[in-house]
2 protein chains.
Amino acid sequence: MRFGFVNKENMSLLTDLYELTMAQVYFKRGMNRTAIFDFYTRKVENRSYLINAGLEQLVYYLINLKFTEEDIDYLRSTGLFEEDFLKYLKDFRFTGNVYAVDEGEVVFPDEPIVQVEAPLIEAQIIETFLINTLQLPILVATKAMRCFSVARGTVLVDFGLRRAHGTDAGMKAARSSFIGGFAGTSNVLAGKEYGIPIFGTMAHSFILAHKNEIEAFIDFATVYPENAILLVDTYDTVEGVYNAVKAMKKIGFKHFKGIRLDSGDLLSLSKISREILDKEGFKDAIIVASGGINEYKIKELLDRGAPIDGWGVGTELVVSADLPYLDCAYKLVEYDGKPVMKFSKKKRTLPYKKQIYRIYEEGIIKKDVITRYDEKVDGGRSLLKKYIENGELIKKLPSLKEIKEKAIKSFNSLPEDMKDINRAVHLYPEISETIERTVKELEMKYLKERKG
Amino acid sequence: MRFGFVNKENMSLLTDLYELTMAQVYFKRGMNRTAIFDFYTRKVENRSYLINAGLEQLVYYLINLKFTEEDIDYLRSTGLFEEDFLKYLKDFRFTGNVYAVDEGEVVFPDEPIVQVEAPLIEAQIIETFLINTLQLPILVATKAMRCFSVARGTVLVDFGLRRAHGTDAGMKAARSSFIGGFAGTSNVLAGKEYGIPIFGTMAHSFILAHKNEIEAFIDFATVYPENAILLVDTYDTVEGVYNAVKAMKKIGFKHFKGIRLDSGDLLSLSKISREILDKEGFKDAIIVASGGINEYKIKELLDRGAPIDGWGVGTELVVSADLPYLDCAYKLVEYDGKPVMKFSKKKRTLPYKKQIYRIYEEGIIKKDVITRYDEKVDGGRSLLKKYIENGELIKKLPSLKEIKEKAIKSFNSLPEDMKDINRAVHLYPEISETIERTVKELEMKYLKERKG
């Protein structure tokens, strides 16, 4: 019986077969000059910006990557690989350079968020894992920031672990939502591994296992006098709030942490709950809402004056429900010093090793310019930084708190219309003349060869 | 720096904080009698049936679950847990019983797919992981079966690893799509861990790294004479097919495996490609299509006569794009021998330990009946089987191939209208009179208590 966990020892095989078969062909042909690959996203219909995230996990993968004896035995068993190539894999390490946009930075379509410069075989083999490990963090950090941007200082907590797509998605969602402005997560392992604050309330089963709500509330608050958030909607919500008040009075509490509403009309129920709590002397008890929460509901409820202090955001956050995948790619743009590009309609790639320059006007992003790596743009802040050199990490990675601060600052530098969650405004990066010229030259060259 | 891998050692902390705080309250109050929890899904708008999957991973979790010293040190550091409870966790094992529907079986809303019977604390602590580990496999096995059901014997391969939500989702997607009728996966680690056949073609970068298509095709086919599926759409697809033919003739091949189309109008391109291949003497070369494939596109293309032999199905499969999450729940239905239920509107639970009976007419499912566990239904096949007794696995788990065969057989027993991918027909399980009576009694009792 196998769970199929992915860990440090077997992550090298978490790749598409073709990465390894292509690698063997390159190996046999001695094709292993320096390649440049770009990771970037294509236009997203319902997002004006994306928040970059997931880089730390990519770095971890790249500096720890190796094939174990067990991996190699499996590859041998497929009959697809020869001994000389398997021996090469045995000594395989990632020895290239990685340029990346910092985690937390806002990014736009077509921008090379991560750029890999490495011997062709190495740059190819890492493709699948690289996309896998970056896509979900970007999706969730972005969704989280959309929630944060309309939350007006109310507290956001990731409640999504159970509905995340498996174990790793639960971990990535907790980390990425924290980057996107969330205060913490219900995920205990994410608390331990990443140092993210953990939060929790109680489940309906806790009420149902007791004789009635009042006893359940008393039991919980007695054990957790400082942290009891009482779930009031198991039977009838308004009565549940009164029962919370009765329970707290019965045990002589002058204060308690608060209540949670998990169903029903959250606008009217939060207003009634607030009234009851205030009238009964529990003005400092907070109201937490959960159940199908997303950025649209948060905005609407707060716009309409719902006195909600905190949100448990679950499913829609962790699966990025209105955008469950990114149209993202990892494409070869330069090989052995020569620019290359794909011509397929709508899926054009930009040749060369590149840099992104961000230009501000009074602190607000005016435009991004994509240039060749060695070009300069006056007054532009360069976004791609060298994280890995010759396979070694050469930059101190920031803490999650620092990444979150960067994300909020970067979000604040967006033009106002791009912050609106109800529309998508696309800021296309400008492409430098040098690159545009190369694109035209490559197209001409290709057309000429076809005729010839 | 941390990746945040989940493994056998730390999976016990992959849970919501409230599971552990509720557990401490139960522990303090000595509330640890036998509880029954149901895992079930609510109505799904765009699915007539679901394919059950993921049980093996749940079993693995339950029989291996324990808290390590490191886990307990972390919990201690939160300040939320007392030493007596931490000592209890140190010796914690799952000692309960688990009844489950076999993997591969079709299931419907409201049916308890997994039923846990265990001391309350144990049954509560496992909630989050249980839902996390089952949801995605069910989503992907179902999506895969929808593809399989319209594929008319063409070959389906999971190409989705890169767009899966993290590492574990990639593993779960490969396993679950195999259950749902797929022939294999591109995911090498899934091949190794689960023994699933692995497949691969080549990437655009492979073409771009070469001087031209012909050289790239020759290089690949020389190393893989039996397995070369040549990607023909990097520049111009029709020309790509001619280049594949030229390349194969140049190296004297009378046969080659086939070509892959990854963009453009797959109907016309597959027809033109077929003509060229046939005319040039490569009648046995297959055509594989990929790029945004889902069950709707497969059906439409085959309905319109596209000569496509195989499909690489990626993103839409692995994120279950048109249904990225299930409205599923794990709810207490019985505690200490007494039935319990939640009354919230639309989220009613069914009390008692239960059984599901499936009734057939001429081999086709006529209806499912949900009864109390000890009731019998004449001519009904019981779906819930005891997998775990007192914390030990007591059933031989089937192989993935056997599960796949069960899935196809179970799918074939659906009424014809439920197999249609373009509509959703809901077969609601019948609820036995005993349960219905208890529901009414509990409602009466609750109303009486409220008045009292």
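## Crossing of helices H10 and H11 in chain B

In this predicted model, the crossing of H10(B) and H11(B) is right-handed. Helix H10 of chain B covers residues 213-223 and helix H11 of chain B covers residues 237-250; their axes come within 9 Å and cross at roughly 50°.

On the side of H10(B), the contact is made by B:Glu213, B:Ile214, B:Phe217, B:Ile218 and B:Ala221. H11(B) contributes B:Glu239, B:Gly240, B:Asn243, B:Ala244, B:Lys246, B:Ala247, B:Met248 and B:Lys250. Sorted by class, the residues of this contact are seven nonpolar, two polar and four charged.

## Overall features of chain A

Chain A contains 17 helices and 19 strands. Its C-alpha trace spans about 85 × 55 × 40 Å along the principal axes. The chain has 452 residues, of which 65% count as buried.

## Cysteines

A:Cys328 has a relative accessible area of 3% and is buried, because the cut-off for a buried residue is under 20%. B:Cys147 also counts as buried, with a relative accessibility of 0%.

B:Gln135 belongs to helix H6 of chain B, which covers residues 127-150. With a relative accessibility of 0%, B:Gln135 counts as buried.

When neighbours within four places in sequence are left aside, the contacts of B:Gln135 include residues of chain A, namely A:Arg163, A:Ala164 and A:His165. In chain B, B:Gln135 is in contact with B:Tyr325, B:Leu326 and B:Cys328.

## B:Ile36 in strand S1

Strand S1 of chain B, residues 34-41, contains B:Ile36. The relative accessible area of B:Ile36 is 2%, and the residue is buried. B:Ile36 is 300 residues from B:Asp336 in sequence, while the C-alpha to C-alpha distance between B:Ile36 and B:Asp336 is 8.8 Å.

Not counting residues up to four places away in sequence, B:Ile36 touches B:Gln115, B:Val116 and B:Glu117, together with B:Lys331, B:Leu332, B:Val333, B:Glu334 and B:Lys353.

## Positive phi values in two loops

A:Ser320 is a residue other than glycine with a positive phi, near 45°. A:Ser320 is placed in the loop of chain A between helix H14 (315-318) and strand S12 (328-335). At 0% relative accessibility, A:Ser320 counts as buried.

In chain B, B:Asp110 is likewise a residue other than glycine, and its phi has a positive value near 75°. The loop that holds B:Asp110 runs between strand S4 (106-107) and strand S5 (114-119) of chain B. B:Asp110 has a relative accessibility of 33% and counts as partly exposed, because its value lies between the cut-offs of 20% and 50%.

Notes
Residues are numbered from 1 along each chain as its sequence is written. Chains are lettered from A and ligands numbered from 1 in the order in which they are written. This is a predicted model: local features need pLDDT of at least 70, side-chain atom pairs count only at pLDDT 80 or more; totals for chains, interfaces and linings use all residues. Side-chain values use heavy atoms; hydrogens and water are left out. Axes are lines fitted to C-alpha atoms, for helices over the stretch in contact, and angles run from 0 to 180 degrees between N-to-C directions. Helices (H or I, at least four residues) and strands (E, at least two) are DSSP runs, numbered from the N terminus. A crossing is left-handed if the near helix is turned anticlockwise from the far one by less than a right angle, and right-handed if clockwise. Contact means heavy atoms within 4.5 Å. Ala, Val, Leu, Ile, Met, Phe, Trp, Tyr, Cys and Pro count as nonpolar, Asp, Glu, Lys and Arg as charged, and the others, Gly among them, as polar. Buried means under 20% relative accessible area, exposed over 50%, partly exposed in between (1.4 Å probe, protein chains only).
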